[in-house]
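Please read the following walk through the model with the coordinates open, taking each region in turn.

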Amino acid sequence: RALLGPTPSDEETAPIDVVAAQLATDLPERGSFSLAETLARRAAAAAERIPLPEVACQAWLLIGCLIRPGDADAAHTCFERVWAIATEHDLPVWRMRALIRLGGHDAFRDGSITRLERARDEAQQAGAVTASYDAELSIAIQLVLFGDYAAARETGERIWSPVSRLRLTEAVQYSLYIRAVLAAHQGRRRDMDRALAELRRSGGDQAAYPPITFGLARAVCALLEEDRSRAAEELAQANRWEDEHVAHFQLTGRYGLEVLLRVLDGSAGDADVDVAKSESAGRARWNRQFLHLARAALHGRAGRPAEAEEAAAQAFADAAPYGMARHLGARLIAEAALTDGWGTPVAWLRDAEGYFFTAGIPAVASACRALLRGAGAPVNQRRRGVERIPTPLLSLGVTVREFEILQLLVNRPGNRSIGARLHISPRTVEKHVASLIAKTGLTDRSALGEYATQTLG
């Protein structure tokens, strides 16, 4: 600015303003985000008057990112403005960047990555390398939330080498953030801590990562260790960081998971759920699943079982794309449902126990089994081969041995023949068959054989 003298033109200052705005987002001082938005809006206005379409795209994209936590719909409008300017002036890279942001909005609002995949494909076809990396990273974090850990890991590993080699600092930091969340959502604390330490060394603690890593990584990992007090403290740290920096983000837990935990421990009520739901971040699909569960718990506690069950149904519908979170939410809410007498907590716990046992997260699987025992429900004996049992049968409490027998019943053999195949007595086979009839709710052995044929044949 000093080199431009006392009366620079808009054409000279607009590019400087947008760069200054970008730099302000990395300042630790309170109010830096507000300063960044002011500078970006000034740059956008000047750039559209002149016009300087690339500067306008850069400014509107930054404005959208800054306001997205507080008003996702307004941010969406900013990203659409970038797309329109880029299309009008034939700026393919900026059009792709806008498409990536619009795809991110779709993902957080609805759990859809279709537009993100389109942006990635277009960027790759156009040879826009950094834009394609941005799209891949946005897809990768959604894959983590979906519970598709293998695909998320493959995506992250594929782009790690090039972004590191090209020294794309933001992409490197985002990759490390994804690593941390990926490990946390599988209950791998040591791997999570290593990724977070590397993120700090890369300067990630100076960016916007601390609140997200506290809420989406550390808190979730603590819950998978059945350490709810530690999870609450991690979420509180995320809130403190946001309050100090006057900045709020969608995935810190503040507008979803934290509200649910506080409702369950009795420190939050309907007003807290209402406040979270009124915020833009509270309308993100990831957060909605937890807010609906919080509302369900409050309805159940107030003696309104029908309303509780309706809210839980909404929660599980919103949780449909999120494999691990859906089962974690079921484990968290089942305790309240058992206490207050609503819903189908035994079925929820059976599904959750099967998921967490198979996923190798013993603390949550054990907690589910303890709650089932406390409810007087039979608990599966965990043996090798349980992963072969279809989820509907697993949720009925079918054991490995019973599943082996059910598979053989497809061909209608007698007890002696089954016993010989499995090296058990005919009397033991008879007991298992009786147990299968009771668990499936069928009338007799013939109906059980027909069920085996339809289900497994």
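Leaving out residues up to four places away in sequence, alanine 107 touches Ser112, Ile113, Leu116, Gln142 and Tyr322. In this predicted model, alanine 107 is a residue of helix α5, which covers residues 92-110. With a relative accessible area of 1%, alanine 107 is buried, because the cut-off for that class is under 20%. Between alanine 107 and histidine 292 there are 19 Å in space, C-alpha to C-alpha, for a separation of 185 residues in sequence.

The helix that holds alanine 107 also packs with another helix, and two packed helices are described by the angle between their axes and the distance between the axes. For α3 and α5 the angle is about 10° and the axes are 11 Å apart, and the two helices are therefore roughly parallel to each other, since angles under 35 degrees are classed that way. On the α3 side the meeting residues are Glu54, Cys57, Gln58, Leu61 and Cys65, and on the α5 side they are Trp94, Arg97, Ala98 and Arg101. Sorted by class, this contact of α3 with α5 has five nonpolar residues, one polar residue and three charged residues.

Proline 51 lies in the loop between α2 (32-49) and α3 (53-67), and the peptide bond that joins isoleucine 50 to proline 51 is cis, with omega about -5°. Aspartate 90, for its part, is found in the loop between α4 (72-88) and α5, where its phi is positive, at about 55°, although it is not a glycine. The relative accessible area of aspartate 90 is 57%, so this residue is exposed.

Helix α13 (residues 257-264) and helix α14 (residues 270-278) pack with their axes 10 Å apart and at an angle of about 175°, which makes α13 roughly antiparallel to α14. The contact is formed by Val259, Arg262 and Val263 from α13, together with Asp272, Val273 and Ala276 from α14. By class, the contact of α13 with α14 comprises four nonpolar and two charged residues, with no polar ones.

Is threonine 213 buried or exposed? Its relative accessibility is 6%, and it therefore counts as buried. When neighbours within four places in sequence are set aside, threonine 213 is in contact with Tyr177, Leu196, Leu199 and Arg218.

Histidine 423 sits in the loop between α22 and α23, and its phi is near 60°, a positive value in a residue other than glycine. At 74% relative accessibility, histidine 423 counts as exposed.

Helix α23 itself has 15 residues and reaches 21 Å from its first C-alpha to its last, close to the 21 Å expected at 1.5 Å a residue. Its buried residues are Val429, His432, Val433, Leu436, Ile437 and Thr440. Seen down the axis of α23, these buried residues fall within an arc of 145°, so they line one face of the helix. The face of α23 turned away from the buried side carries the exposed residues Arg427, Lys431 and Ala438, whereas the buried residues pack against α21, α22 (415-422) and α24. Just after α23, glycine 441 takes a positive phi of about 75°.

Leu448, Gly449 and Ala452 are the buried residues of α24, and they fall within an arc of 100° when seen down its axis, so they line one face of the helix. Ser446 and Gln454 are exposed on the other side of α24. What covers the buried residues of α24 includes α21 (400-408) and α23 (426-440).

Definitions and conventions: Residues are numbered from 1 along each chain as its sequence is written. This is a predicted model: local features need pLDDT of at least 70, side-chain atom pairs count only at pLDDT 80 or more; totals for chains, interfaces and linings use all residues. Side-chain values use heavy atoms; hydrogens and water are left out. Axes are lines fitted to C-alpha atoms, for helices over the stretch in contact, and angles run from 0 to 180 degrees between N-to-C directions. Helices (H or I, at least four residues) and strands (E, at least two) are DSSP runs, numbered from the N terminus. Angles under 35 degrees count as roughly parallel, over 145 as roughly antiparallel, 65 to 115 as roughly perpendicular and the rest as oblique. Contact means heavy atoms within 4.5 Å. Ala, Val, Leu, Ile, Met, Phe, Trp, Tyr, Cys and Pro count as nonpolar, Asp, Glu, Lys and Arg as charged, and the others, Gly among them, as polar. Buried means under 20% relative accessible area, exposed over 50%, partly exposed in between (1.4 Å probe, protein chains only). The arc is that of the directions from the helix axis to the C-beta atoms. The expected span of a helix is 1.5 Å times one less than its number of residues.
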